[in-house]
Amino acid sequence: MLSLIQAAGWPIWPIIIASILALAIIGERMWTLRLSVVSPKELLPRVLSEYKRNGVNPEMLARLQTHSPLGQILAVGLRNVKSTREVMKESIEESGRVIVHDLSRYLTTLGTIAALSPLMGLFGTLVGMIEIFGSNSPAGSNPAQLAYGISVALYNAAFGILVAIPSMIFYRHFRAKVDDFVVEMELQALKLVEIVHGEREG
């Protein structure tokens, strides 16, 4: 690996840093964006059951607030349970926007890495081309410098694409996953509103 880095020259370092950052974001988002963590299926039935038994109490709201993103949305809805249906829905929507922002954390950075990695690879290619042209002089060509320039150009182009492809794949995957979670949480929250206002059976 060290020999590859040496062959690629100094332009490879920004690509390596970008790849480490991309791997860290991908790992963190894979761990964070799990269904059981974001929108547990069993949460709403448990909340409705407790609400029907004991009503809304501070302990229940505090527990929901720290449970999951869906729990935070349901907690906001239950805080406004004595308000009108419209007010309750508005409070849930406001809370949902904050949750969506949290779920999308670091995804802009991952998308930026996916877009910039090929450009960083292209920059390395240009540096390699400069080395190639510099190997030719009136006194003759320098084979060692020519070979180094070619390796810098090729390795940087390859590494740039190698970092960009998985970064873009995971960026789009996580974006779609967040959208799915948003739809699911909206449906759960709407069901809560309709049930507590007597418009739907639990």
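Q: What does "partly exposed" stand for when it is used of a residue?
A: A residue is buried when its relative accessible area is under 20%, exposed when that area is over 50%, and partly exposed in between. The model discussed here is a predicted one.

Q: Why is lysine 191 called partly exposed?
A: Lysine 191, which lies in helix H9, has a relative accessibility of 29%.

Q: How far is lysine 191 from methionine 120, in sequence and in space?
A: The two are 71 residues apart in sequence, and 48 Å separates them from C-alpha to C-alpha.

Q: What makes H8 roughly antiparallel to H9?
A: Helix H8 (residues 107-134) packs against helix H9 (residues 143-196) at an angle of about 170°, the axes being 7 Å apart. An angle over 145 degrees counts as roughly antiparallel, and so H8 is roughly antiparallel to H9. The residues of this contact comprise 21 nonpolar, 13 polar and 2 charged.

Q: How do you know whether asparagine 156 is buried or exposed?
A: Asparagine 156 is placed in helix H9, and its relative accessibility is 0%. Because that value is under 20%, asparagine 156 counts as buried. Beyond its neighbours up to four places away in sequence, asparagine 156 touches Ala8, Pro11, Ile12, Ile15, Gly121, Gly124 and Thr125. With isoleucine 12 there is also an approach between polar atoms, for the backbone nitrogen of isoleucine 12 lies 3.2 Å from a polar atom of the side chain of asparagine 156.

Q: Why are H5 and H6 described as roughly antiparallel to each other?
A: The axes of H5 and H6 come within 7 Å and cross at roughly 150°. The limit for roughly antiparallel is an angle over 145 degrees, and H5 and H6 are therefore roughly antiparallel to each other. On the H5 side, Met60, Leu61, Leu64 and Gln65 take part, and they meet Gly71, Gln72, Leu74, Ala75, Leu78 and Arg79 in H6. Sorted by class, this contact has 6 nonpolar, 3 polar and 1 charged residues.

Q: What makes the link between glutamine 65 and arginine 79 a polar contact?
A: The side chains of glutamine 65 and arginine 79 are joined at 3.4 Å, which is to be set against the limit for a polar contact, a pair of N or O atoms within 3.5 Å. Leaving out residues up to four places away in sequence, glutamine 65 touches Gly71, Gln72 and Ala75 as well as Arg79. Glutamine 65 lies in helix H5, and its relative accessibility of 31% makes it partly exposed.

Q: How do you know that leucine 61 is buried?
A: Leucine 61, found in helix H5, has a relative accessible area of 11%. That value is under 20%, so leucine 61 is buried. Its contacts, not counting residues up to four places away in sequence, are Val56, Ala75, Leu78 and Arg79.

Q: Why is H6 said to be largely enclosed by the rest of the structure?
A: Of the 11 residues of H6, 9 are buried, so H6 is largely enclosed by the rest of the structure. The buried residues are Pro69, Leu70, Gly71, Ile73, Leu74, Ala75, Val76, Gly77 and Leu78, and what covers them includes helix H3 (35-38), H4, H5, H7 and H9.

Q: Which residues touch the most other members of the largest nonpolar core?
A: Among the 43 residues of this core, they are Leu64, Leu74, Leu103, Met185 and Leu192. At least two core residues come from each of helix H1 (2-8), helix H2 (12-32), helix H4 (43-54), helix H5 (58-65), helix H6 (69-79), helix H7 (85-103), H8 and H9. H9 gives the most, with 12 residues. Apart from neighbours within four places in sequence, leucine 192 is in contact with Leu44, Leu48, Leu74, Leu78 and Met88.

Q: Why is tyrosine 106 called partly exposed?
A: Tyrosine 106, found in the loop between H7 and H8, has a relative accessible area of 41%. This lies between the limits of 20% and 50%, and so tyrosine 106 is partly exposed. Its phi is near 75°, a positive value in a residue other than glycine.

Technical notes:
Residues are numbered from 1 along each chain as its sequence is written. This is a predicted model: local features need pLDDT of at least 70, side-chain atom pairs count only at pLDDT 80 or more; totals for chains, interfaces and linings use all residues. Side-chain values use heavy atoms; hydrogens and water are left out. Axes are lines fitted to C-alpha atoms, for helices over the stretch in contact, and angles run from 0 to 180 degrees between N-to-C directions. Helices (H or I, at least four residues) and strands (E, at least two) are DSSP runs, numbered from the N terminus. Angles under 35 degrees count as roughly parallel, over 145 as roughly antiparallel, 65 to 115 as roughly perpendicular and the rest as oblique. Ala, Val, Leu, Ile, Met, Phe, Trp, Tyr, Cys and Pro count as nonpolar, Asp, Glu, Lys and Arg as charged, and the others, Gly among them, as polar. Buried means under 20% relative accessible area, exposed over 50%, partly exposed in between (1.4 Å probe, protein chains only). A polar contact is a pair of N or O atoms within 3.5 Å; within protein, one must be able to donate a hydrogen and the other to accept it, and residues adjacent in sequence count only if both atoms are side-chain atoms. Contact means heavy atoms within 4.5 Å. A nonpolar core is a set of buried Ala, Val, Leu, Ile, Met, Phe, Trp, Tyr and Cys residues joined through side-chain atoms within 4.5 Å.
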